[in-house]
Amino acid sequence: MQGDFREHIDCLRTVGADAVEVRTEAELDAVDGLIIPGGESTTIARLLIAFDLMEPLRRRIRAGMPTWGTCAGAIILARRVPGLDRPPLGVMDITVDRNAFGRQVDSFEADLDIEGVTGGPMRAVFIRAPVIREAGAGVTVMAALADGRIVACREGNIWATSFHPELTDDARLHGAFVALVQATLGEAVAAPSARPRRSAAAR
Amino acid sequence: MASTRTNRTGRGAQASTNARPAARTAAKAVSTKATSARPRSATRAAASNGTAAHGHGVGNTAATWTVKAGLAQMLKGGVIMDVVTVEHARIAEEAGACAVMALERVPSDIRAAGGVARMSHVKLIEDICRAVTIPVMAKVRIGHFVEAQILEAVGVDYIDESEVLTPADDVHHIEKTPFKVPFVCGCRDLGEALRRIAEGAAMIRTKGEAGTGDIVEAVRHMRALWSGIRRVASARDEELPNMAKELGASLTLVQEVKRLGRLPVVNFSAGGIATPADAALMMQLGADGVFVGSGIFKSGADLDARARVKEQSAMATAIVRAVTHFNDPAMLAEVSRGIGEPMRGQSVASIPLSEQLAGRGN
């Protein structure tokens, strides 16, 4: 609904995916995978409620649609967010601390080794970033900082990252996500004709 | 009307002569760090400049260009609201604002009060920082780098070097590159935008005329900016150096605008937005998001305190939704249905040129 969807769409197109913006339920129905972008989690959550997208989103994600939340998007997906009475979607078994590194002057970049990304570490951009404080039993950690704090993880077809791969030239993680969408389509349809389509969530 | 136009042109020509030396130093600054104008390649530069510890640790490189311009990317498609109290800040956050601007007075009150308008009181800014989880911005006077140092120490997320406050320096803007905290600056056209970016601004907003509730200047500046961008984008490469000279901007940045077909940073609209329709108009004219100042917390002026809060909250919510669905007239009609009386406003044509704020800084 709000955030850096344009950067995600550029990255998805770089890796050959068909990317569209999603703002309505009809647009959501038309995609095979979803990215919930960086932005302000409070704003995105309010707009998801205002435009009746919470329930349709939950339904699609629970039905197995590959979904990736970056930064604010990770907060939207989490089941537990300290300070929020009702976590927005609550579909992923993680606890996410908002603004875990401090204010904007504490934002930074770091090199990260990420599960499923070959060819060396990725440059990760953390902007007023959250941290995944706890990951449930079914959650696999994809990347952590040197001090052990989790900054990328997956549970089934749901991914959450604290950082913004869409702000760099490195689209390897987007490539891996597109591969996940293709694999999921292959299982569901059992026919290779399905087109990989996807979207940077919502504006 | 005709005479107003003549005044405007005369003033503009004079101002751009003054700006030449400033533009030249700005160009120099850029050529030593040309990558700073390229949000995407800046990441690589930061990685290879040796300051990055390759230990996969925390805090390897703080306050890089990517990090500073990146926060503005996160604000896109959003509304930044002027707030003067903690209560306003909470209403704004609840309504879905993507950031708040902490101020002592909204621009229309600054206009009414007269006198010298300065950076807001530190305690007010800190109280607002504590009250909300969304980013907090605050304004400093043009050229007042010490006010900026103070706001950085306070820990605000973005600084607006703003013409709404009384300028502290009528020639120089703040050299913004060394600051860890990112800056947003106002512009009326492409040249002004690129001069601010050369000084290190990580986000731009078109100025409009703050505190009026009259959208005409916001429209004028957004159109001027985009017409400048289109002219650069369609120029031949060998025409760019002369264009840079005419714009008073660095050639590197002009080339970057041609390559991207837009500014190299996020661009919001400000100065006169009072209704959801105004906000959607600016989005359709090419804004990445909007600043709303007096438009929210000056609406419902005739109501009693409780009704006013409700009214302001409804206006804030409606403007946020209008920015999300700026291209959908049916949705705009729906969000506009719930709002009450917008701020009364003052037409810009009735304000003498000497009292207009947009001419401050160039």
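The model is predicted, with local features needing pLDDT of at least 70 and side-chain atom pairs counting only at pLDDT 80 or more, while totals for chains, interfaces and linings use all residues. Residues are numbered from 1 along each chain as its sequence is written, and chains are lettered from A in the order in which they are written.

**Largest cavity**
- The count comes to 4 cavities of 30 Å³ or more, a cavity being a set of points, on a 1 Å grid over the protein atoms alone, where a 1.4 Å probe fits but cannot get out.
- The largest cavity holds about 180 Å³ of space, where a volume is the space filled by probe spheres set on the points.
- Among the 22 residues that line the largest cavity, B:Asp82, B:Pro107, B:Ala210, B:Gly271 and B:Gly293 are the closest to its centre, and lining residues are those with an atom within 4 Å of a point.

**Second largest cavity**
- The second largest cavity holds about 140 Å³ of space, and of the 16 residues that line it, A:Gly39, A:Glu40, A:Ile75, A:Asn99 and A:Arg128 are the closest to its centre.
- At least two lining residues each come from helix H3 (41-50) and helix H5 (72-77) of chain A and from helix H3 (65-75) of chain B, helices being DSSP runs (H or I, at least four residues) numbered from the N terminus.

**B:Ala333**
- B:Ala333 lies in helix H15 (residues 329-337) of chain B, and its C-alpha is 9.1 Å from that of B:Ala322, which is 11 residues apart from it in sequence.
- B:Ala333 counts as partly exposed because its relative accessibility is 38%, which falls between buried (under 20% relative accessible area) and exposed (over 50%), using a 1.4 Å probe and protein chains only.

Technical notes:
Heavy atoms only, no water. 1 Å grid on protein atoms, 1.4 Å probe; cavity = no way out; pocket = protein on both sides within 12 Å on 5 of 7 lines; lining within 4 Å.
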